[in-house]
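Here is a briefing to read alongside the sequence and the model. It is grouped by topic.

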Amino acid sequence: MEGGAVLRITAQLVACLLLLLVGSGAAFADEESEADLQARYDKLFQETLADPGNLDLLFEFAGVAVQLGNYESAISTYERMLLLRPDLPRVKLELGALYFRLGSYEAARRYFEDVDDDPDLPPEVRDRVDLFLSRIDEETAESLWSGFVTVAGRYQTNANAGPENIIVRAAGTDAEISDEFRPEDDFSFVVLGAARNLFRLDLGADAEGLPFDNQVFWQTDMEAYYSAEVQFQNLNVGLIGVETGPQLEFVPANPEMAPLYLRPYFLADFASLGQKPFYYTVGGGLSLATTFTSTVGVQLFTEVRYRDFNNTDDNPDLDELTGVEFIVGADSNIIITDYLRARGGIFYDLDDAKVNFQSNQEIGFYGGLDLLYDAPLIQATEPWEASLTATGIFTGYREPDPSVDPGVTRRDTEYRINFVNTVPVYEDIAMVGQVEWLQNLSNLPNFRFNNLTFLVGATMEF
């Protein structure tokens, strides 16, 4: 694909992404307008002054105050009701929820624990209280861990990425590839794990004068991956990576604007190929995230990496790939309904390798949908989840590779369609099934291939 065509497609993708973001940010009309709510609030306020002991009236007034976002007024009304009748668990529940919204977690905890001690509390209400108490523990904990481990079996129709045609280019002439490089299927075993730690830093007086709060989270993400092939063991892949840095929250002076989350971070990873060192990476990045509405979130990011490749007996020229990589991009998440979420993103990647015929630039995009749905045919307590993702990557190299064709500069277009279905089976354990189709189109037959992948496994969250 020529550079002009790539730029035209990219411009169209950016335009579609912007239209999607703007369109999804349109406000939906509430059943009752803010002006009507304010009129009800004023009317109820006068009525509570005339009849201050009417609990039904006070409860209705507090509910309207919550709808208007006047949490302080609602809190004072609920607390006045408890002075009149201390045995009102629903009022205590509402107070706990309001204090939680305001970030007054200890005050919220006192009300929730008081409600939780009631032996006559309905089970569904107790579940809600326990959820709030769990969230409060998370919000006040000094260190939080989360993550998952997945173990799976995988089958690939073209595990060695062999070219579609047996005739390829070698030093500018046609040549027939040997049997060892032709497409071959294979089974493999895959283990994938990731963990995140959020460590709360209380800067105290040291944060005075800074544009962010004195509460700062230090976020560390770790991942590990290994795939063991049955036949092509020289293609076994291992990866260990870490990314760590602070997450800073900037609250705009305008209360109608959403906070900005800025995160500078350091990154490093190490990869192996066929049980031998493949490459290591060191670098850093910066991300900026915010929300446009309660349903639309956007993140901008940039990274700079240095990757050092290691030569092996099977691959004596891998060090030609060594160099600096620069990436910039944007991701978006859009909540369409409680059960449906859309994802989209675009990135630009400049890879400056040691030799020019390995240096390249990529423009990529992706779009996806995540759907929660009721289990078919059986009764299940948790919904199933289906995720569909489509990806396109356009790659152009700087110069021709003389060992392939000295007169042709390589241009690749890669498409992926990925479908994942997750089925909860027990608490934090789920079964996972995945199907992925990959098609790589290239102006050089050496790099033209496709691959169909099937994966089945189990995943455990913690």
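**Hairpins, helices and ring contacts**

E427 takes a positive phi near 45° in the hairpin of strand 14 and strand 15, which has two residues between the strands. The model is predicted: local features need pLDDT of at least 70, side-chain atom pairs count only at pLDDT 80 or more, and totals for chains, interfaces and linings use all residues. Residues are numbered from 1 along each chain as its sequence is written, and side-chain values use heavy atoms, with hydrogens and water left out. Helices (H or I, at least four residues) and strands (E, at least two) are DSSP runs, numbered from the N terminus.

**Strand pairing**

- Two strands pair if DSSP finds at least two bridges between them.
- Strand 14 (residues 411-426) pairs with strand 13 (residues 384-397) in the antiparallel sense, over 12 bridges.
- In that pairing, R411 of strand 14 stands opposite G396.
- Strand 14 also runs antiparallel to strand 15 (residues 429-442), and 14 bridges join the two.
- T413 has L441 in strand 15 as its bridge partner.
- Strand 2 (residues 167-170) and strand 3 (residues 173-176) are antiparallel too, with four bridges.
- V168 has A175 in strand 3 as its bridge partner.
- The hairpin of strand 2 and strand 3 has two residues between the strands, and A171 there takes a positive phi near 55°.

**Aromatic pairs**

- The structure holds 13 aromatic pairs.
- Rings of Phe, Tyr and Trp (its six-membered ring) pair if their centres lie within 6.5 Å; planes under 30 degrees apart count as stacked, over 60 as edge-to-face and the rest as tilted.
- Y155 and F187 form a tilted pair, 4.9 Å centre to centre with 45° between the planes.
- Y155 lies in strand 1 (residues 143-156) and F187 in strand 4 (residues 186-202), so this pair ties together parts 32 residues apart in sequence.
- Y155 is partly exposed at 23% relative accessible area, while F187 is exposed at 52%.
- For these labels, buried means under 20% relative accessible area, exposed over 50%, and partly exposed in between (1.4 Å probe, protein chains only).
- F365 and F394 are stacked, because their ring centres are 6.3 Å apart and their planes are at 25°.
- This pair links distant parts of the chain: F365 is in strand 12 (residues 360-373) and F394 in strand 13, 29 residues apart.
- F365 is partly exposed at 22% relative accessibility, whereas F394 is buried at 4%.
- Ring pairs also link F100, Y105, F112 and F132 into a cluster.

**Charges over rings**

- A charge sits over a ring if NZ of Lys or CZ of Arg is within 6 Å of the ring centre and within 35 degrees of the ring normal.
- The charged end of R307 sits over the ring of Y279, 5.9 Å from its centre.
- R410 places its charged end over the ring of F447, 3.5 Å from the centre.

**Helix 2 and helix 4**

- The expected span of a helix is 1.5 Å times one less than its number of residues.
- Helix 2 (34-50) has 17 residues and reaches 24 Å from its first C-alpha to its last, close to the 24 Å expected.
- The buried residues of helix 2 are L37, Y41, L44 and T48.
- Seen down the axis of helix 2, these residues fall within an arc of 75°, so they line one face.
- The arc is that of the directions from the helix axis to the C-beta atoms.
- An α-helix has 3.6 residues a turn, so residues three or four places apart point the same way.
- On the other side of helix 2, A35, K43, L49 and A50 are exposed.
- Helix 3 and helix 4 are among what covers the buried residues of helix 2.
- Helix 4 (residues 71-84) has 14 residues and should span 20 Å; its end C-alpha atoms are 20 Å apart, which agrees.
- Buried residues of helix 4 are S73, A74, I75, T77, Y78, M81 and L82.
- They pack against helix 2, helix 3 (55-67), helix 5 (89-101) and helix 6 (105-116), with contact meaning heavy atoms within 4.5 Å.

**G297**

- G297 is found in strand 9 (residues 296-309).
- G297 is buried, with a relative accessible area of 17%.
- Its C-alpha atom is separated by 5.6 Å from that of S332, 35 residues apart along the chain.
- Not counting residues up to four places away in sequence, G297 touches T290, T291, D331, S332 and N333.
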